[in-house]
Amino acid sequence: MKNRVFVLVALLFVAAASYAGEVKVNGVITGKNFFQNVSLYYINNDFVTTAPVSPDGKFNLTADISATESFYLLFKGTNGLKRQIIAVLSPGDNIDIVFESTYAANIIKEVKGSADMTLIKSYYDKNLPLQDDLKAIQNEYDKAEAIDRPAVQQKFYTRYQVYSQELEKMLIANKTLPASILIEFAEFNNDFSAHKATFRTLYTALQPKYGNTLVMREIGEKIVNPIEVGNPAPEIESVTPDGKTIKLSSLKGKYVLVDFWASWCRPCRGENPNVVAAYNKYKGKKFDVFSVSLDSDAGAWKNAIEADGLAWKNHVCTFKRWNCPIAKAWRVNSIPFSVLIGPDGKIVAISLRGEALQTKLADLIK
């Protein structure tokens, strides 16, 4: 009898543990339903489960998860249509979400059962109008005369800056919710340095309880970042187009711009004339450039160097694209990315683009 009781208790415990790990997302898509199914993925793209979307726009997605984590919902529909919504889910969640589907987006209209998903709704409530405004300003820029374009461009930057400030204020006010740092990650990860203070604030608040989540682990690595103003620049040793090995430290005593780029990166190619102009102006005044390419094709790399007039000698490439060990050591998440190093080998500035590079060099090199 005792053994049977023990087995019964054990089975009940297993059932309870299984139930505690279950999460339910009950969705309704209003408006025009373009979708046949919705899938749940971890934020690192690991698949969890999928569920059909009925013709009247309803779906019920159920999964077993072991802890609070960041996900995204991927809606798939006709003609290859895909739309994505970020999510934070916890074991035991039973969430009701109403979406309004339009030709432009899936809009979260209502959330019940989750403070995290309510915060994510607030994020999209701010982000979708921003996208409309930026698109309108871009159209205005395209139609403007050349003399008027700088003012229109400033309007674009101002609108985004106001949005960024308002969004981060909202996230800091909700810093105990893991959705806050997922939103910060989704919006500002590619410009981490500029938003590092907010990342640090959110990380500090969430680390005791959620420090082992996917987003928190990645952000933790970036917060402890060697690429900061005042830090010594990590060494770089790699191969030039003609097969020689060079080191960054061989340029000590100069101001050096370490420039991460690639032949396939259109923004990089657009930024190259600015780097060339700075090099031509200051190359005789203890300034040099050390370019690190994320190319995988040697021919494309060498052709781009010649085509863009990158006349300095310091070019290296590991031919591993985003698996480049130099890029990983320097915490490069997007390109173009540059770091200005002083004659003492310490970092002076990060992400100088356009006129900002020459302005900084003018202050440093007299």
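**Entry 1: around helix 8**

I began just past the end of helix 8, where G309 takes a positive phi of about 65°. I keep in mind that this is a predicted model.

Next I went to the other end. At the start of helix 8, D297 has a side-chain oxygen that reaches to within 3.1 Å of the backbone nitrogen of G299.

Then I asked which residues of helix 8 are buried. I found W301, A304 and I305 within the run 298–307. They sit on the same side of helix 8, because they cover an arc of only 105° around the axis. I turned to the other side and noted N303, E306 and A307 as exposed.

What do the buried residues of helix 8 pack against? I listed strand 9 (237–239), strand 11 (255–261), helix 7 (266–282), strand 12 (287–293) and strand 13 (314–317).

**Entry 2: rings**

I looked up the aromatic pairs, and the structure holds 17. I picked W301 and F319. Their ring centres are 5.5 Å apart and their planes stand at 80°, so I logged the pair as edge-to-face. The cut-off I needed here is over 60 degrees. W301 belongs to helix 8, while F319 is in the loop between strand 13 and helix 9 (325–329), so this pair ties together parts 18 residues apart in sequence.

Are these two residues buried or exposed? W301 has a relative accessible area of 1%, so I wrote it down as buried. F319 has 35% relative accessibility, so F319 counts as partly exposed.

I also traced a cluster. Ring pairs link F34, F35, F59, F75 and F99.

R321 lies over the face of W264, at 4.2 Å from the ring centre. R149 lies over the face of Y141, at 4.6 Å from the ring centre.

I moved to strand 5, residues 69–77. How many of its nine residues are buried? I got eight, so I call strand 5 mostly covered.

I then checked its pairing. Strand 2 (residues 35–42) runs antiparallel to strand 5, with seven bridges. One example is N37, whose bridge partner in strand 5 is K76.

Strand 6 (residues 82–89) also pairs with strand 5 in the antiparallel sense, over eight bridges. Here I noted Y72, with I86 as its bridge partner in strand 6.

Last, I looked at the turn. The hairpin of strand 5 and strand 6 has four residues between the strands, and N79 takes a positive phi near 55° there.

Note on methods
Residues numbered from 1 in each chain as written. Predicted model: local features only at pLDDT ≥ 70, side-chain atom pairs only at ≥ 80, totals over all residues. Heavy atoms only, no water. Buried < 20%, exposed > 50% of the residue type's maximum accessible area, 1.4 Å probe, protein only. Helix = DSSP H or I, 4+ residues; strand = E, 2+ residues; numbered from the N terminus. Pairing = 2+ DSSP bridges. Arc of directions from axis to C-beta. Contact = heavy atoms within 4.5 Å. Polar contact = N/O pair within 3.5 Å; in protein donor to acceptor, adjacent residues only side chain to side chain. Phe/Tyr/Trp six-rings, centres within 6.5 Å; stacked < 30°, edge-to-face > 60°. Lys NZ or Arg CZ within 6 Å of the ring centre and 35° of its normal.
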